[in-house]
Amino acid sequence: IENVIQRMGNIPVNELQGQLVARNAALVMVTCQLPAFVKPGQQVDVTVASVGDAKSITNGVLLQTPLEAADGHTYVVAQGPISTGGFEASGPGGSATQKNQVLVGRVPDGGIVEREVPVTVVDNTGYMYINLLNPDYATSARAADAINASGLAVATSLDAATIRCYVTSAYRDRVPDLIARVEQLTLRADHVAKVVIEERTGTIIMGANTRIDPVALSHGSLVIKVQAQTTTSQPGPLSGGQTVTTTNSQVSADEKPAHTVVFESGTTLGQLIRALNSLGVTPREMISIVQDIKAAGALNAQLEII
């Protein structure tokens, strides 16, 4: 705050020593994602996150903040009102209520681009490189074949993620037109069979068309109930006795008969899930079942646990 007053107000800070109360100021970290091909003067969204002991940055205003990249140059200057999408309120006695996050917000279009990021589309040898979002050898080969069949460029699949295209003289001065035509080509992308499991929340995500080999699955549920019942015994009138309290514990176990389902060859995981749901399997039990099927070698998919 002293720096702001010195730079903007030309007020001697020595005269304000001991009078500044910074209860409505917050120390924040400002970041943004700078897309390719942005030009100076264009606007981008910025993210503001508290890095101090502020209780909330709701309804706050970000002062002019230069954003530097790793090379030390300033590419964006950000400022403006902060939007958090939440609120926080407190009352006497320590009561408080909060909705959503109040320590992280955004400034829509709050960053003005000051410096352009140089982007090279075609190198000095006349080649343009296309990077796949999801690397896959089959998809890379099919994309190269589609480009060659269209006659737009001479394409070669270098690896699972990179396709090298030689820009012919017909499109040497019209590279954006070439890229637009390449983007309109259609092909069948290859997908890796994968099952993703998050044990912390009991979430399982799987491709419905993933095949499993013949396997027999047996599921039985065991329910154990522990109930505590308290009994109080009162003495008779004028007996001189004492009130006695006893606790009786009842333990019961109920084991349901196991259900057996046989999956034929070519069964998909979608059919497996429907069968498990019919057995009343919980998500966590389903995670264990899928892991056991994978351990048995009957699941033809990549198992990823996060």
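Visitor: Is arginine 106 buried, partly exposed or exposed?
Guide: This is a predicted model, where local features need pLDDT of at least 70, side-chain atom pairs count only at pLDDT 80 or more, and totals for chains, interfaces and linings use all residues. Residues are numbered from 1 along each chain as its sequence is written, and side-chain values use heavy atoms, with hydrogens and water left out. Buried means under 20% relative accessible area, exposed over 50%, and partly exposed in between (1.4 Å probe, protein chains only). At 40% relative accessibility, arginine 106 is partly exposed.

Visitor: Which side chain does arginine 106 meet in a salt bridge?
Guide: A salt bridge puts a side-chain nitrogen of Lys or Arg within 4 Å of a carboxyl oxygen of Asp or Glu. Here the N to O distance is 3.2 Å, and the partner of arginine 106 is aspartate 45.

Visitor: Why does this pair tie together parts that are apart in sequence?
Guide: Strands (E, at least two residues) are DSSP runs, numbered from the N terminus. Arginine 106 lies in strand E7 and aspartate 45 in strand E2, so the parts joined are 61 residues apart.

Visitor: How many residues apart in sequence are glutamate 304 and lysine 194?
Guide: These two form a salt bridge, with the closest N and O atoms 3.4 Å apart. Glutamate 304 is in strand E19 and lysine 194 in strand E11, so the pair ties together parts separated by 110 residues.

Visitor: What is the geometry of the aromatic pair?
Guide: The whole structure holds one such pair. Rings of Phe, Tyr and Trp (its six-membered ring) pair if their centres lie within 6.5 Å; planes under 30 degrees apart are stacked, over 60 edge-to-face, the rest tilted. Tyrosine 127 and tyrosine 166 have centres 5.3 Å apart and planes at 65 degrees, so the pair is edge-to-face.

Visitor: Which arginine lies over the face of tyrosine 127?
Guide: A charge sits over a ring if NZ of Lys or CZ of Arg is within 6 Å of the ring centre and within 35 degrees of the ring normal. At 4.6 Å from the ring centre of tyrosine 127 lies arginine 164.

Visitor: Where is confidence lowest?
Guide: pLDDT is the predictor's confidence in each residue, from 0 to 100. The protein averages 79. Strand E4 has the highest mean, 95, while the lowest, 53, belongs to strand E15 (residues 222-233).

Methods
Helices (H or I, at least four residues) and strands (E, at least two) are DSSP runs, numbered from the N terminus.
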